[in-house]
Amino acid sequence: MTTSPLPGTAVRRAKRRPAAPILFVLPALLLTVIVIAFPLGYTLYQSMTNWVITSPNPPKFIGLANYAELLRDQRAMQSLVRTLLITVCSVSLQMVLGVAMALVMNKHFFGRGLFRTLALFPVVATPVAISLIFVTMMNPQTGVLNHFLTSLGLSAQQWIYAEKSVLPALILVDTWQWTPFVMLIALAGLATLPSEPYEAAKIDGATAWQTFWGITLPMLMPSLFVALLFRAIDTLKLFDTIYAMTQGGPGTASETINLYLYTLSFNYFRMGYASSMVIALLVLVLGITLLLIRARKLAEDRS
Amino acid sequence: MTVTGVRSPAATAARRKTRPHPLMTHLLPLLISAFFIVPIVFVFYWMVSMSFQTQVEISASPPTFWSANPTTEWYSQLMRRMPFLQYTWNSMVVGVSATAIGLAIGLPAAYAIARWKLTSLSTLFLITRITPAISFLIPWYIIAKRLGLGDSLVIITLLHITITLPLIIWIMIGFFEALPTDLEQAATVDGCNAWQSFALIAVPLVKPGIVAAIILAFIQSWNNFLFAAVLGGPGSQTLPVTVYGMLSFEQANWGPLAAAATLVCLPVIVGTIFFQRQLVEGLTAGAMKG
């Protein structure tokens, strides 16, 4: 805390700073510790044992061996690459489409209110339900998506049923569901923009394109960054959609870290090894979050 | 949320002078938005439409867009073949309890963070939001097994609080920060303690925020699949798990699947229509403070 300018303020602050804040926060803090922090500590310990639930032998402490195995595990590395690939592709698509959608929805036109409400539906709809509806739509024989493609003269796709098209198909579903979220944040950002720069740009005879790149986008950056951060965190953790649609298949073609982790824990019951992956995943998600926050600070300082 | 920028009279006049044809101001944005909205609406249309189609229509090629003789067979099958209402009730109980507990302990926490600027604590709750659920789910799976709570709504509710609590705290920090402190200071002078000025003055003023937080927290809990999928049993299954169970890879059980998907989405969609404004406020407030 900063030092107080006047001794009187310090006294008043000391008086106004009783045990209250602690009491206000304590229940939430306790619950978080019990439900999340404590299990995480336990996981950290487990990650240094060779515990397998189905094994008759008691778990042994093996130090960092699990982490060494993790680095050599081809399947883990491939799942990491897939996780990052899905995140980068999904989030960039959602950012571009979401901003475009917000720019249009920011205009005053007939039917805008209805459209905005409809756009909220994917954000609130149950991911598992939506994913399974997409599974039926992506059926190579009877699915409606291939019907559209072929009637447009394009070739039918295997969608989630082929190794090369499964990741794009999942990215498509994630983008369908979350683009409106980016739109929403961008719309809220657009509503707060001042009008003066636009008037100046108009007088200078700037084109719509120039106004967008020169004024709207730079001023919208703080909102867009928040949308980016939230989408990146959620896509790195993405589970429901992939599990419901492909369970990581065909083969392991859509297995992300989260999926591999699930298989290790609940199919192979290798709790010790899975725990080391949990810690690695947590470090990864935290690391990327901190990196993004850092990047925003740097960008802010430069401007 | 439809706040328009304040425009100077001169700019308004300039706009009026060069106002384009109504076809441009209405039709063009409408068409471009339709480009985004049609794919969104189509998936929901497809879900509902499929839930009323006969087996022959569902597996027909080319696909059926409009059922010639709609059937409610899949809905009645859901009710007959499984305790569907029980699972709906489970989802309801978990969602309501997790939201209520999240609110009861999250509201004071958010207030304290906003009033006493406890930035490091707010970061802690952000970490809770960032942590992949599976990382604390595995230990809880083991704990539940050991305690013999493998098939209980209590553990599932407890874990759902990890969804509702950070969300509520993050949304409410924004609303409490936006509140002017004058009223509470006056109350302090009048002899109110911190708890009283929180409960009697601040909370009533942030009611719109609380509504937003409740709706979003409940939706997030309602939609969650992973926790109940891992920890739920025959007695504690929630709706998303039931929907998932409709998909068997050997045979296309698509009619019941579409019916179950429609039923799980129905409450949140209806809620969205009714509480659209609060929902948008909550989503943006929660995100902006992140």
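Q: First up, A:Arg75: buried, exposed or partly exposed?
A: A:Arg75 counts as partly exposed, at 23% relative accessibility. Buried means under 20% relative accessible area, exposed means over 50%, and partly exposed is in between (1.4 Å probe, protein chains only).

Q: Before we go on, what are the ground rules here?
A: This is a predicted model: local features need pLDDT of at least 70, side-chain atom pairs count only at pLDDT 80 or more, and totals for chains, interfaces and linings use all residues. Residues are numbered from 1 along each chain as its sequence is written, chains are lettered from A and ligands numbered from 1 in the order in which they are written, and side-chain values use heavy atoms, with hydrogens and water left out.

Q: OK, back to A:Arg75. Which side chain does it meet in a salt bridge?
A: That of A:Glu255, at 2.7 Å, N to O. The pair links distant parts of the chain, 180 residues apart. A:Glu255 sits in the loop between helix H11 (240-245) and helix H12 (257-266) of chain A, and A:Arg75 is in helix H4 (residues 74-105). A salt bridge here is a side-chain nitrogen of Lys or Arg within 4 Å of a carboxyl oxygen of Asp or Glu. Helices (H or I, at least four residues) and strands (E, at least two) are DSSP runs, numbered from the N terminus.

Q: And A:Glu255, buried or exposed?
A: Buried, with a relative accessible area of 4%.

Q: Why would such side chains pair at all?
A: Side chains of opposite charge can pair when their charged atoms come close.

Q: How many salt bridges over all chains?
A: Eight.

Q: Which partner does B:Arg115 have?
A: B:Glu184, with 2.8 Å from N to O. This pair also links distant parts of its chain: B:Arg115 is in helix H5 (residues 84-115) and B:Glu184 in helix H9 (residues 182-189) of chain B, 69 residues apart. B:Arg115 is buried at 17% relative accessible area. B:Glu184 is buried too, at 6%.

Q: What about B:Arg277, what does it pair with?
A: B:Glu281, with the closest N and O atoms 3.3 Å apart. B:Arg277 is partly exposed at 48%, while B:Glu281 is buried at 18%.

Q: Which residues are joined into one network by salt bridges that share partners?
A: A:Asp174, A:Arg231, A:Asp234 and B:Arg129.

Q: Switching topic. How many helices and strands in chain B?
A: 15 helices and zero strands.

Q: What's its radius of gyration, next to a compact globule?
A: Chain B has 24 Å, whereas a compact globule of 290 residues would be near 19 Å. The radius is taken over C-alpha atoms, and the globule rule is 2.2 Å times the number of residues to the power 0.38. Along the principal axes, the C-alpha atoms of chain B fill a box of roughly 70 × 70 × 30 Å.

Q: And how much of chain B is buried?
A: 53% of its 290 residues.

Q: Where is B:Thr238?
A: In the loop between helix H12 (226-231) and helix H13 (239-245) of chain B. B:Thr238 counts as buried, at 2% relative accessibility. Beyond its neighbours within four places in sequence, B:Thr238 is in contact (heavy atoms within 4.5 Å) with residues including B:Tyr87, B:Ser91 and B:Val94.

Q: Over to chain A. Where is A:Ala274?
A: In helix H13 (residues 271-302) of chain A. A:Ala274 is buried, at 0% relative accessibility. Leaving aside neighbours within four places in sequence, its contacts are A:Leu261, A:Leu264 and A:Ser265.

Q: How confident is the predictor about chain A?
A: Chain A averages a pLDDT of 89, and 93% of the residues score at least 70. pLDDT is the predictor's confidence in each residue, from 0 to 100.

Q: Where does pLDDT stay under 50?
A: Over residues 1-15 of chain A. For that stretch the model has six contacts beyond four places in sequence.

Q: Last one: A:Ile22, buried or exposed?
A: Exposed, with a relative accessible area of 56%. A:Ile22 lies in helix H2 (residues 20-46) of chain A.
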